[in-house]
Amino acid sequence: MSGDDASAVARVVVGVSGSLSSVTALWWATTPARRLGAELWPVLAWAPPGGDAAARRSPAGEWQRPAEQRLAAVLDEVFGAEPPGVPTHPVVVRDSPGRALVRIADREDDVLVVGAGRRGLRRAFSGRVSRHCLAHARCPVLAVPPSPLQSQLLTVHRRNAWHLRIDTRDL
């Protein structure tokens, strides 16, 4: 699709991996889609474990089907029986997430929504997808900050890993 097609319906393209950041981004992406009267395009990008060499040794659908099932499960988890209220076009593509999102959100009137990743020091070493999209997208990019729940879950995970007592009254 080209950015010159004036008759095309506006799209909100959102990266979905199943992570808490991507689930938050998917939930937030419905708001601009409704406001713009746009279609929602949740995109899950995948690559075969072991790269192209492993892909040549296996049937083509071996990783495609699980990716499709994962995207369907995330959509069901976020929206359940209640549809998002906008036309939805789920896309599963074999590519790196950043490249796939920029390639699909290729029109100037698209809006690309990505999870911004982690907060704090670890953010310097993460967020490659959101940074790639911000640097290469031809359309506006909405980077959704992590849910406050994400930092609480990371705290619980750290305390659990160090076998420290967890006070559940604060959760």
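1. A residue is called buried when its relative accessible area is under 20%, exposed when over 50%, and partly exposed in between (1.4 Å probe, protein chains only). Trp28, at 43% relative accessibility, therefore counts as partly exposed. Trp28 forms an edge-to-face aromatic pair with Trp27, with 5.2 Å centre to centre and 85° between the planes, and the structure holds one such pair. Rings of Phe, Tyr and Trp (its six-membered ring) pair if their centres lie within 6.5 Å, with planes under 30 degrees apart counted as stacked, over 60 as edge-to-face and the rest as tilted.

2. On the source: this is a predicted model, in which local features need pLDDT of at least 70 and side-chain atom pairs count only at pLDDT 80 or more, while totals for chains, interfaces and linings use all residues. Residues are numbered from 1 along each chain as its sequence is written, and side-chain values use heavy atoms, with hydrogens and water left out.

3. In helix α4 (residues 97-104), the buried residues include Gly98, Ala100, Leu101, Val102 and Ile104. Their cover, judged by contact (heavy atoms within 4.5 Å), includes β1 (11-15), β2 (39-46), β3 (91-94), β4 (111-115) and α5 (128-136).

4. Six salt bridges are found in the whole structure, each being a side-chain nitrogen of Lys or Arg within 4 Å of a carboxyl oxygen of Asp or Glu. Arg11 forms one with Asp110, the closest N and O atoms being 2.5 Å apart; this pair links distant parts of the chain, with Arg11 in strand β1 and Asp110 in the loop between α4 and β4, 99 residues apart. Arg11 counts as buried at 2% relative accessibility, and Asp110 is buried at 0%.

5. Arg11 also lies over the face of Trp41, at 4.7 Å from the ring centre.

Methods. Helices (H or I, at least four residues) and strands (E, at least two) are DSSP runs, numbered from the N terminus. A charge sits over a ring if NZ of Lys or CZ of Arg is within 6 Å of the ring centre and within 35 degrees of the ring normal.
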